[in-house]
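Please keep the sequence and the coordinates side by side while reading what follows.

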Amino acid sequence: MPSATSYTVPIWTDGAAFPEDSTPVFAVTQANTGKTVHHAASASPKEAALAASSAKAAFQSWKTSSHVTRRDLILRVAAYYEAHASELVEYQMLETSCEEAWAKQNVDLATRYLKEIAACISSVNGVIPQLEKPNTMGFVFKEPIGPVLCIAPWNAALILATRGVASAIAAGCTVVFKASELSPRTHFAITEAFTEAGVPRGVLNQIQTRREDAAAVTEELIAHEAIRKVEFIGSAAVGRIIGQLAAKHLKPVLLELGGKCPAIVLDDADLEEAAKLCAMGAVLHHGQICFSTERIIVHEKVAEDFQRLLVKAMQHAGGHAGSAVTKSIARHANEVLQDAKATGQTIILGGPSSASNDLGLKPTIVLNPRDARIVDEETFGPSASLYVVPSDAAAIELANRSAYGLNATIWSSSMERALKMSRELEYGQVHINSISVYTSPTASQGGVKSSGWGRQNGRWGLEEFLVDKFVSWHGKSA
């Protein structure tokens, strides 16, 4: 690996890097040390347009590639991840200040995503529908939608970017990959993996840009006539902007946005296990996960015992919290806690930091908050609200009282009770007796309400990048 500050992450289009002296560069800083770890070339709208044109040209041949070609490519990328796991872990830790365990989990899960995507390619088939007209035959073909813009986040840098890029390419699409300015080296490792695996020129193009140029570059890409779909994973606030731009240019979107994930603890739950995994779900990766446990709703019959166990579990889980990726993200999480304190909410553990530049916030529990930002604003920090309710119906009503609908968990020893409740929750995923930070490569994933729309993972993810084409054959009338 090159020395830290000597390396510049390139812009990659049509199978080659732009000359380093042709574009400005920006520094990539490790927040918890304040050190510049490397630099990255910064794309302008001009380079963005070239990347889109490259994807358009490559699509003409890639869309006709066989499922065997695409499957074998994805499997070679998975093998690359396994062979370069230590480097992939190092890149994530350098750029996002994450814990080693989180970085390793990213590598493992991303590799499993790749293998599942490869396994699903041959199962995506069209149908032959029955037609009402005599002597007529119909076909519904599944065809790749075209060049796709994938905009990936930094918080699960390897998993989420890998899944989007691989699903689109596996479906027969080409990709313009807009990497995060906070983790461009981690994201370029994905492009390197595909390149080493033999992806044809132009099938995968990568750009990144300075934050001040991001709006112009993103609009250039969404507006470009080559781009046929946009995948965005990030905050609901930015998702709204992406959605508006896509609507303006009549481009379909796949959005996975923020969450305010509830964990419902019923009176027949294993309280100690529930407390342990609710706490871990709240603080893991410093709470910088859209699936983080942000609201814990406990039945009043067991509230006192559970609160005691939760405080203890949060104190213990603090050792896994790590630190924020940037000062601004830590500042926002801290401001939400400061608001809770200022509005008179009851804080039973932790609380806001007095230091404005503190990157490692304390695990915090706010009891029964009302009329405060923390009620339904995603904190992206290691904190959770604890609510006490009298019944299952009250738990469901409170859990659904949110603009978000990404992920929820239920803790109960009764499968019947938990399954019944899961059907009433307005969330894209509901996990029973599990940490909220859970996903499976073989199951669908996605949100409802302000958490986005569309579905990821396996065959669901492939379907997002395919369109149906109806073709009919009309024989001569009898």
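**From the whole fold to single residues**

The protein contains 14 helices and 20 strands. Its radius of gyration is 23 Å, close to the 23 Å that the globule rule gives for 478 residues, so the protein is as compact as a globular protein of that length. This is a predicted model, and the values given here are to be read with that in mind. Taken along the principal axes, the C-alpha atoms fill a box of roughly 75 × 70 × 40 Å.

Several totals describe how the chain is packed. Of the 478 residues, 57% count as buried, while the accessible surface comes to about 19500 Å², of which 53% belongs to carbon and sulfur atoms. Among contacts with a separation of 6 or more, 75% are made by residues 24 or more positions apart.

The UniProt record, an unreviewed entry, carries the annotation "domain: Aldehyde dehydrogenase" for residues 24–471.

Charged side chains come next. Side chains of opposite charge can pair when their charged atoms come close. A search of the whole structure finds 27 salt bridges, and one of them joins Lys-142 to Glu-463, with the closest N and O atoms 3.2 Å apart. This pair links distant parts of the chain, since Lys-142 lies in strand β6 (residues 136–144) and Glu-463 in helix α14 (residues 458–463), 321 residues apart. Lys-142 counts as partly exposed because its relative accessibility is 28%, and Glu-463, at 32%, is likewise placed in the partly exposed class.

A second salt bridge connects Asp-213 with Arg-210, the closest N and O atoms being 2.7 Å apart. With a relative accessible area of 22%, Asp-213 is partly exposed, and Arg-210 is partly exposed with 27%.

Arg-308 and Asp-305 also meet through their side chains in a salt bridge, at 3.8 Å from N to O. Both residues lie in helix α10 (residues 303–317), where they are three residues apart, about one turn of the helix. Arg-308 counts as exposed at 53% relative accessibility, whereas Asp-305, at 39%, counts as partly exposed. Elsewhere, salt bridges that share partners join Asp-267, Asp-268, Lys-301, Asp-392 and Arg-417 into one network.

His-285 has a phi near 55°, a positive value in a residue other than glycine, and its place is in the loop between α9 (271–283) and β13 (293–299). Is His-285 buried or exposed? At 3% relative accessibility, His-285 counts as buried, because that value falls under the 20% cut-off. Asp-371 likewise has a phi near 55°, positive in a residue other than glycine, and is found in the loop between β15 (364–367) and β16 (383–389). With a relative accessibility of 75%, Asp-371 counts as exposed.

Methods
Residues numbered from 1 in each chain as written. Predicted model: local features only at pLDDT ≥ 70, side-chain atom pairs only at ≥ 80, totals over all residues. Heavy atoms only, no water. UniProt positions renumbered as here; feature names shortened; annotations may be inferred. Helix = DSSP H or I, 4+ residues; strand = E, 2+ residues; numbered from the N terminus. Rg over C-alpha atoms; globule rule 2.2 N^0.38 Å. Buried < 20%, exposed > 50% of the residue type's maximum accessible area, 1.4 Å probe, protein only. Contact = heavy atoms within 4.5 Å. Areas by Shrake-Rupley, 256 points an atom, 1.4 Å probe, with all protein chains shown as cover. Salt bridge = Lys/Arg side-chain N within 4 Å of Asp/Glu carboxyl O.
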